[in-house]
Amino acid sequence: MLYREAGQFKTTYAEDMAIFPIRQDRIALAILLGIAFIGVPLLATFRIWPFGSDYLLWAILLPFLILALAAIGTNILVGYCGQISLGSGAFMAIGAYSAYKLATGVHIPLASLGFAIAIPPLPVLASILLGGFMSAGVGILFGIPSLRIKGLYLAVATLAAQFFFDWAFLRLPWFTNYAPSGSVNAPELDFFGVVVRTPVERYLLCLLFVTVLAVLAKNLVRGNLGRQWMAIRDMDIAAELIGIRPLYAKLTAFAVSSFIIGVAGALWGFVYLGSWEPLAFSIERSLDLLFMVIIGGLGSIMGSFIGAAFILIVPILLNVLPTELGLPLSTQTITHLQFIIFGSLICYLLIKEPHGFARLISIGKEKLRLWPFPY
Amino acid sequence: MRAPDTDDILLQVERVALSFGGVKALRDVSFNIRKGEIRAIIGPNGAGKTSMLNVINGFYRPNHGAITFKGRTRAKMQPFEAARGGIARTFQNVALFKGMSALDNIMAGRTLKVRCGVLWQLLRFGPALAEEVEHRRKVEEIIDFLEIETIRKVPVGRLPYGLQKRVELGRALAMEPDLLLLDEPMAGMNLEEKEDMSRFIMDVNNHFGTTIALIEHDMAVVMDLSDRVAVLDHGVKIADGTPDEVKRSQTVIDAYLGIAH
Ligand SMILES: Nc1ncnc2c1ncn2[C@@H]1O[C@H](COP(=O)(O)OP(=O)(O)OP(=O)(O)O)[C@@H](O)[C@H]1O
Ligand SMILES: [Mg+2]
């Protein structure tokens, strides 16, 4: 009876078009944001349970936020625009390495022309954002074939991008500033004089990025551009006949998606890992991101968060729970269990509920809204 | 019948031929559509009616012939250009965006009217929000008109066929077209639904002055609604005139009896 929209009359279209038109949802969101922005930092600063150690921040919240951001990016392309991509990991890498190169200064000797392109080291914020734009540019490039090829063939093309960039960042020493080990160290996280060091500060930084980008992404998907993407996804021929240009719709989806994934990649490298090896952004990362959007919900921003949380937490639970219950499992068994759970869940969702957990939640809410009367 | 006047001709199809491999879907078909009229295209199954609409809105490229729309002649338009030129259409087999709500489907029909750029849409603030609300207001008028208020937030994939056809008409109307092509808008409907749909088509034509080309198998509906009827059979235009003239034409009767046997 508590979850009701009765009595909440919307008097303007603007109200009905708000992100969360129902008051209870808005209250829930406000509480969530309060906990995320104020509660968690306070608890962590004063080391109150469950933040007695930095484990929760480092091992769960930080990767959760960044992967949720990357999942939003993946969802825009795969869930909203219907273009299957197996290259999300590569776009994270492009964002991370571009940001790294820009933050450490770019030098491209063009010996044959007798001069060199030199860009001085840029501030961290500019590097991260430009890393996103670089990723967007490459995304557009790899999006061009999507005008001709669809479905499985496009997936294979994006897979090729994944392998190409894996190879490039591993084998071309220019990207790693000729570091002999091939691993790179992120610059100091200096934002206009404020240096981000502790886990809490890193968490807040990522939270800020994720919140802002998630709101902007939500604005896009519920506006005209988002409707163009979904129209192309659902029926490209009819979309064209109402004046949507497939070229424009698909390439904007590639650009926006790759931008967000690129920024997530830069955050992953700079804020979470600190120093990283080329294989930090392998095909497994791409698959994880794809699983996240399928499990969380194709075509749902909220689903991207749910999916990221699920993929991140299940392995941890599998590690912790059996030990707590006095049934320690071997690492191998855990890995296998994980595959079994994800695999069967994805099969189930793809067949039964392609909109994932997000849809299951909204169905639950619909029921709740009517409860206790069945109609 | 009004006197032929080239000024009020919105669309002229001139000797259009179209074939798929060996199948000649259209053979030298010429006809025109006048501003403000309801123009029916009828004919037995496989006569080439849908192909004709596909040629008109640029989806098929005719083998030869020309199309003059609003005074501009060309062999083929891109579907995108046709839409921008003011041609909207519905499909014989509903072609809605299945994963989107009825409201979003119709809102998508406003795409060409959107003025705010992507950056504004990103912020969804000030002029962008005002524009979005304005589109929503226009779309709500269409929703009221088509009497689909109760299903506006339902994903169209879950709607019964008759309502899907209505939503599809709504999406076409949202484009504020000059020429509306309707491919069997009443196929598979019961009598009551057909009456509703007929009323909507009449109202669109009367209130907004939209020119309509209508493919329909139900003769009673065609005779009721249309100003002029063109009859196709095996890709050939075998008759053209007012409903009464067409009804009396022996060739038309033969064509229909031909498939009845
Ligand atoms: N894409 C296509 N490829 C091959 N043949 C086609 C194609 N589209 C139409 N045809 C053929 O062209 C002819 C005309 O088809 P069309 O769909 O225009 O007929 P119609 O008058 O709309 O028929 P119906 O009343 O059954 O809808 C048919 O013989 C059909 O098989
Ligand atoms: Mg047809």
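In what order do the six strands of the open sheet in chain B stand? The order is 6-7-8-3-9-10, and the pairing is mixed. Here a strand is a DSSP run of E with at least two residues, a helix is a run of H or I with at least four, and both are numbered from the N terminus. Two strands count as paired if DSSP finds at least two bridges between them.

Before we go on, a word on the model: it is predicted, so local features need pLDDT of at least 70 and side-chain atom pairs count only at pLDDT 80 or more, while totals for chains, interfaces and linings use all residues. Residues are numbered from 1 along each chain as its sequence is written, chains are lettered from A and ligands numbered from 1 in the order in which they are written, and side-chain values use heavy atoms, with hydrogens and water left out.

Back to the sheet of six strands in chain B, with its order 6-7-8-3-9-10. Strand 6 and strand 10 (236–241) of chain B stand at its edges; each has a single partner strand, so one side of each lacks a neighbour in the sheet. Strand 3 (residues 38–42) of chain B runs parallel to strand 8 (residues 211–215) of chain B, with four bridges between them. In this pair, Ile38(B) faces Ile212(B) of strand 8 of chain B. Helix 1 of chain B packs on the sheet, touching strands 3, 6, 7 (179–183), 8 and 9 (228–233) of chain B, where contact means heavy atoms within 4.5 Å.

Thr50(B) sits in helix 1 (residues 49–56) of chain B, and Gln92(B), 42 residues apart from it, in the loop between strand 6 (87–90) and helix 3 (102–108) of chain B. Thr50(B) is partly exposed at 24% relative accessibility, and Gln92(B) is partly exposed at 28%. Buried means under 20% relative accessible area, exposed over 50%, and partly exposed in between (1.4 Å probe, protein chains only).

Finally, look at chain A. Pro315(A) lies in helix 12 (residues 301–324) of chain A and is buried, at 16% relative accessibility. Leaving aside residues up to four places away in sequence, Pro315(A) touches Phe310(A), Gln338(A) and Phe342(A).

How values were computed:
Axes fitted to C-alpha atoms, helices over the stretch in contact; angles between N-to-C directions.
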